[in-house]
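Me: Please give me a close look at one part of this structure. I would like to know what packs around it, and then how the rest of the chain is arranged.

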Amino acid sequence: MKELKTGIYAEILQKTDKSMLAVNVGSGSLEVLATPVMAMLMEKASCICISDYLENDETTVGTEINIKHISATPQNMTVRVKSELIQINGREFTFRCEAFDEAGKIGECIHKRFLVYGEKFTKKAESKLI
């Protein structure tokens, strides 16, 4: 892994579509952005945040997410998610994420990811099938 410091960040934009609505992902009955989709966007922004620092077979996996979904977003609005690396503890990375739609803040979270080696991690997971 290349040298990594706190304070780096990434932002992503995503227009909400029908596939992202609570009614269509099984997390509710309304046609608004689903909380699990917002969480996925926060994880995605966190992955992107440190992706340029990973080398060879290195990758990260999500290990914890403490999320607040504070405002509903209808279909066809654009969501912006910012993830900032706020702590490094060995191979564990902590991010602060915020999500906004065109009307304002919709969510926030603290998210942790752990550095792993893709092939070794996958083999260990697949060993459960035996």
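Reply: The buried residues of helix H2 pack against strand E1 (9-15), helix H1 (22-25), strand E2 (58-69), strand E3 (78-89), strand E4 (92-101) and strand E5. The model is a predicted one, in which local features need pLDDT of at least 70 and side-chain atom pairs count only at pLDDT 80 or more, while totals for chains, interfaces and linings use all residues. Residues are numbered from 1 along each chain as its sequence is written, and side-chain values use heavy atoms, with hydrogens and water left out.

The buried set in H2 consists of Val37, Met38, Ala39, Leu41, Met42, Ala45, Ser46, Cys49 and Ile50. Buried means under 20% relative accessible area, exposed means over 50%, and partly exposed is in between (1.4 Å probe, protein chains only). An α-helix has 3.6 residues a turn, so residues three or four places apart point the same way.

Contact here means heavy atoms within 4.5 Å. Leu85 counts as buried because its relative accessibility is 0%. Leu85 and Leu4 are 81 residues apart in sequence, yet their C-alpha atoms are 9.4 Å apart.

The rest of the chain supplies the setting. It has 3 helices and 5 strands, in the order β-α-α-β-β-β-β-α from the N terminus. Helices (H or I, at least four residues) and strands (E, at least two) are DSSP runs, numbered from the N terminus. Of the contacts with a separation of 6 or more, 66% join residues 24 or more positions apart. Buried residues are 33% of the 130 in the chain.

Thr73, in the loop between E2 and E3, is buried because its relative accessible area is 0%. Apart from neighbours within four places in sequence, its contacts are Thr16, Val32, Leu33, Val79, Asp101 and Ile106. Asp101 is 28 residues from Thr73 in sequence and 6.7 Å away, C-alpha to C-alpha.

Asn76 is in that loop between E2 and E3 too, and it is partly exposed at 48% relative accessible area. Its phi is positive, about 80°, although it is not a glycine. Asn56, in the loop between H2 and E2, is exposed at 84% and has a positive phi near 50°. Most residues other than glycine have a negative phi.
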